[in-house]
Amino acid sequence: MEKFASVTALLLLLCFPVAFSGHDYGQALSKSLLFFEAQRSGVLPSSQRVTWRSHSGLNDGKSSGVNLVGGYYDAGDNVKFGLPMAFTVTMMAWSVIEYGNQLAANGELGHSIDAIKWGTDYFIKAHPEPNVLYGEVGDGNTDHYCWQRPEEMTTDRKAYMIDPSNPGSDLAGETAAAMAAASIVFRRSNPAYSRLLLTHAYQLFDFADKYRGKYDSSITVARKYYGSVSGYNDELLWAAAWLYQASNNQFYLDYLGRNGDSMGGTGWSMTEFGWDVKYAGVQTLVAKFLMQGKAGRHTPVFQKFQQKADFFMCSLLGKGSRNIQKTPGGLIFRQRWNNMQFVTSASFLTTVYSDYLTSSRSYLRCSAGNVAPSQLLSFAKSQVDYILGDNPRATSYMVGYGNNFPQRVHHRGSSIVSYKVDRSFVTCRGGYATWFSRKGSDPNLLTGAIVGGPDAYDNFADRRDNYEQTEPATYNNAPLLGVLARLSSGHSGYSQLLPVVPAPVVVRRPMPIRKPRVTSPVRASGPVAIVQKMTGSWVSKGRTYYRYSTTVINKSPRALKTLNLSIKNLYGPIWGLSRSGNSFGLPSWMHSLQSGKSLEFVYIHSTSPANVAVSSYTLA
């Protein structure tokens with residue numbers, strides 16, 4: 001997908017909907033932080049800005065003889081899951097560590113620190129003994145049976161813990177990472193609190209390393225919702241990396257050097273990063289240590305870590321030996337259920353890695369050749385811009401940002417009238433009948449929430465029951481804090497980049513209004529068939545815009561090695577193809593189109609379908 005910045009951007013602003021204009025990353029940053037306040041459990045402070053929420057979960061932990069009031073609800077339910085909550089705090093802390101100055105310049109450093117402390121205060125309570133950690137309050141099965149506001153939930157609030165007899169190295173390791181990263185955040189503003197967090201981090205790492213096991217084998221109710229597929233080795237390496245960064249203690253650097261090979265840090269070539277799989281994050285951090293000249297005798301091992309970090313970055317750019325799938329609109333795609341979590345976390349890693357490489361005057365080594373660090377930042381920007389509305393649906397996937405965003409979010413608190421407005425009791429099943437099934441917009445705006453997002457073809461259905469696409473999560477938002485702060489900083493040499501759009505045709509005489517064809521006939525040129533269909537339309541400033549989906553099918557018994565398409569009468573942005581001059585070809589991540597397979601690309605303009613034809617092709 002080619003991009004540009006110049007006078008053409010002005011023409012685009014004048015001729016296309018607002019979703020294609022430049023974005024206010026500072027505003028998006030401010031909104032994204034509000035979402036964490038909407039997810040708070042416990043006694044809300046007087047400074048609470050999301051005023052439709054009230055106190056909740058005030059008896060959490062009481063039946064177990066421990067105070068577990070506080071923390072965050074993970075997504076659209078009322079359960080406090082420890083593993084994704086800890087990852088959320090780690091990523092918020094990493095954002096502040098890397099981009100604290102930029103957050104401060106946007107007036108959001110204080111809110112970011114408050115969001116981190118809301119999580120770490122809870123973790124201190126959840127870690128009452130060195131080898132005991134509470135990892136969940138409530139359970140998904142009973143919680144999902146009900147649709148209630150958190151302020152009056154009647155579901156079971158049992159607390160679940162890990163200990164030496166029931167270990168959970170992944171949970172304890174991630175919580176250690178969160179406490180260690182947060183200790184860096186508070187080092188200057190609250191030294192005593194910073195030391196307390198680091199003490200907990202030391203203890204949690206020792207617990208995780210000494211008593212090894214997967215947490216979902218001990219807290220089995222978590223397995224259905226946050227199962228530890230990757231195991232615990234990645235969290236042990238992750239925690240060691242953060243403890244080294246927080247303490248500068250050589251023990252943790254040696255741990256990475258000794259165990260990098262055996263625990264998979266130098267072996268796994270990753271194409272994802274998130275609350276379960278931490279390897280790409282570890283590889284990025286260790287590469288940073290290497291660039292800082294801290295590797296010492298572990299340099300050969302750390303170089304292998306960096307090679308894997310490079311692999312991850314190259315796969316995102318489509319320049320690796322195994323590239324990550326993208327939608328026709330250019331969004332990286334991993335899975336149907338909450339795909340956006342992988343988008344935001346990958347965008348964060350590419351952002352920091354770009355800055356690491358730039359600072360060390362290095363470049364990215366890909367199988368396709370050396371790549372400038374600026375391309376990583378441009379990639380992150382393209383993903384953020386997609387989230388904020390530069391996509392084939394012209395939809396913002398951040399609630400409350402832009403003019404077209406999800407209105408029926410899969411979220412209990414947002415979808416039910418505020419407890420402060422109407423205290424009439426909402427029963428467990430009555431909530432489904434009265435509120436979940438409503439077709440109307442949510443009564444409470446869940447400002448800043450990043451929802452699950454579109455499918456592999458950029459399609460999205462704004463329905464409350466469509467939890468795969470409309471449910472938000474804290475770990476969707478957390479990595480975005482750093483990226484938005486970085487993009488809004490204004491000190492770097494990049495500019496607003498959007499798909500190339502030809503200058504619009506100026507019609508100087510009245511033209512009859514004709515509704516575009518919904519589907520164009522199948523056109524074939526040799527072994528290549530092309531079919532187009534209109535998949536959506538909307539009106540902006542008196543003009544109707546149409547979204548077209550075009551499928552290219554390889555009908556040959558052999559693979560298509562190259563393909564050049566001619567596209568005439570195109571007056572809007574296009575996604576899903578590479579471009580060279582006036583010719584369009586296979587997307588950069590697709591090296592060939594296999595026999596019987598198809599690819600899809602999409603475009604938007606305000607008239608009938610463009611004229612798409614095959615200019616040339618070669619078969620394997």
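Trainee: In this predicted model, which residue's side chain meets K80 in a salt bridge?

Mentor: Side chains of opposite charge can pair when their charged atoms come close. For K80 the N to O distance is 2.8 Å. The pair links distant parts of the chain, with K80 in strand β2 and its partner in the loop between α2 and β2, 20 residues apart. That partner is D60.

Trainee: Is D60 buried or exposed?

Mentor: Buried means under 20% relative accessible area. K80 falls in that class, and D60 does too. D60 is buried.

Trainee: How many residues apart are E151 and R53?

Mentor: Their side chains form a salt bridge, 2.7 Å from N to O. E151 sits in the loop between α5 (140-145) and β4 (159-162). R53 sits in the loop between α2 (25-38) and β2 (80-81). The separation is 98 residues.

Trainee: What is the relative accessibility of R53?

Mentor: The cut-off for buried is under 20%. E151 is buried at 15%. R53 also counts as buried, at 2%.

Trainee: Where does D442 lie?

Mentor: D442 forms a salt bridge with R464, the closest N and O atoms being 2.7 Å apart. The two are 22 residues apart in sequence, so the pair ties those parts together. D442 lies in the loop between α16 (430-436) and α17 (467-470).

Definitions and conventions
Residues numbered from 1 in each chain as written. Predicted model: local features only at pLDDT ≥ 70, side-chain atom pairs only at ≥ 80, totals over all residues. Heavy atoms only, no water. Salt bridge = Lys/Arg side-chain N within 4 Å of Asp/Glu carboxyl O. Helix = DSSP H or I, 4+ residues; strand = E, 2+ residues; numbered from the N terminus. Buried < 20%, exposed > 50% of the residue type's maximum accessible area, 1.4 Å probe, protein only.
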